[in-house]
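Me: I would like to take a close look at one part of a protein model, and I would be glad of a careful explanation that I can follow step by step.

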Amino acid sequence: MKFIEATCEQCGNCLVECPYLKLSRESAKEAIIHMIETRTESESLKNCIGCAYCDSICPTHSNPSELIREITVKNISKQGLPRFYFISEEVPVNSATIAMQLETATKEKNLKEYLNPPKSEEMFYLGCSLSYIQTDLLNTKLLEGLPKIGGAKYCCGGIATMFGDEEINIKGKSLLDEFNQLGVKKFIMFCPGCLGMMKGVYSNLIPEFKNSIEFQTFSQYLIEKYHKDEIQFTTKIKERITFHDPCAWIGLDDEVYSAPRELLEILGYDVVEMKHNRKMTLCCGSSVSDSNKEIYNEISGMRIAEAEEINAKLMAVSCTGCLSLAKPARERNIETYHMLELAQIAIGEKPPHRTIELRENYKKLIEKTVKANPDLLKDKVRIKNGKIQPI
Ligand code: SF4
Ligand code: SF4
């Protein structure tokens, strides 16, 4: 997607309605005009978290978040990003390799499988968080019968979006080559960020990508299996639950939003909606949970307050990033579950529900590692022609 300057009326609605920036109409208009005319940052947007909620607000569908991204890409292409954030086989120490220090033997065994899937037309695409951090979620009968693909080699390449369309194109085509060699025609997706990349970014930019591979969320997959009688959900729980939509889905089709709600109803839950839902969802704040505690507390607090307003006892998420809400929500008596855990419970399994523990242990390890090696965050690189290069 691109910002469409021709249709932008410079009304400022997108930025006035942004739940996090709290701008007056006048400042919002000034900021959007400044960004359009100079293609440089506006001080008013220093707390922007890149959630794309403003795209859902814009009455002329001009994609204002893409204007913000265009400016960010320009800056990052010059300044680079810490090497540490690049989950790639080209980077020996990164946020994924550090995760390998926890429960190493099990992760190594699993990764051997995820990095060497057999040829298959249909596969589970895991994404990095399920491969390296929230690994418990994959320990279920629900994921038997199809190969799993994951790990750094098959990372969706989300970081390429920070370096412009040319780099996105290169990454998308190289992934497509890998997928074609494996004979994949359909992926069942777990991470909303990976789905956003595959279905929202690569499929829009690269016609072969769109024509070669079909994508389905795991909620859609489980619903299909349920209707074909290939799976039985025997343990029904009639609790009041709300589903938190990930912002990575903004711009995708309605079915992606309907599926988790339909699945929760099949599982017996009483589904209630927060004020901001579907395409108008609020962000969980995970992107700033480590870098800006004050903003993070405000953003996550707004989301949890909406769940409290409707007396939800449980909150379901489909994104492991959104599991950042679990700890503050528990402090306010709302328990957060990943959708996979709820499906596991419904088939009679007992998931360990260690999502908060795994996240906290990982965060502590990252903090300790970075404290001992501050250069990990100082050493900046960029992607150029598909390769990671020093700045
Ligand atoms: S992007 Fe949309 S909402 Fe924002 S100023 Fe332009 S027309 Fe108005
Ligand atoms: S991307 Fe999110 S935080 Fe940034 S201006 Fe848009 S709505 Fe606000």
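Which domains does the domain assignment of the protein give? Please then look closely at the contact between domain 1 and domain 3.

Reply: The model is a predicted one, and the domain assignment divides the protein into domain 1 (5-79), domain 2 (83-226 + 354-372) and domain 3 (232-346). Turning to the part you asked about, the C-alpha centres of domain 1 and domain 3 are 27 Å apart, and the contact draws 10 residues from domain 1 and 15 residues from domain 3.

The size of an interface is often given as the accessible area lost when the parts come together. For domain 1 and domain 3 this buried area is about 1000 Å², with 67% of it on carbon and sulfur atoms. On the side of domain 1, the residues that lose the most area to domain 3 are Tyr20, Ile49 and Tyr53, which together make up 52% of what that side buries.

As for charged and polar pairs, the rule finds 1 salt bridge across the interface of domain 1 and domain 3, and it also finds 4 residue pairs in polar contact there. Sorted by class, the side of domain 1 that touches domain 3 consists of 7 nonpolar, 2 polar and 1 charged residues. A salt bridge joins lysine 22 and glutamate 298, whose closest N and O atoms are 2.5 Å apart.

Conventions: Residues are numbered from 1 along each chain as its sequence is written. Chains are lettered from A and ligands numbered from 1 in the order in which they are written. This is a predicted model: local features need pLDDT of at least 70, side-chain atom pairs count only at pLDDT 80 or more; totals for chains, interfaces and linings use all residues. Side-chain values use heavy atoms; hydrogens and water are left out. Domain bounds come from an automatic or database domain assignment. Contact means heavy atoms within 4.5 Å. Buried area is the accessible area (1.4 Å probe) that two parts lose on being put together, summed over both. A salt bridge is a side-chain nitrogen of Lys or Arg within 4 Å of a carboxyl oxygen of Asp or Glu. A polar contact is a pair of N or O atoms within 3.5 Å; within protein, one must be able to donate a hydrogen and the other to accept it, and residues adjacent in sequence count only if both atoms are side-chain atoms. Ala, Val, Leu, Ile, Met, Phe, Trp, Tyr, Cys and Pro count as nonpolar, Asp, Glu, Lys and Arg as charged, and the others, Gly among them, as polar.
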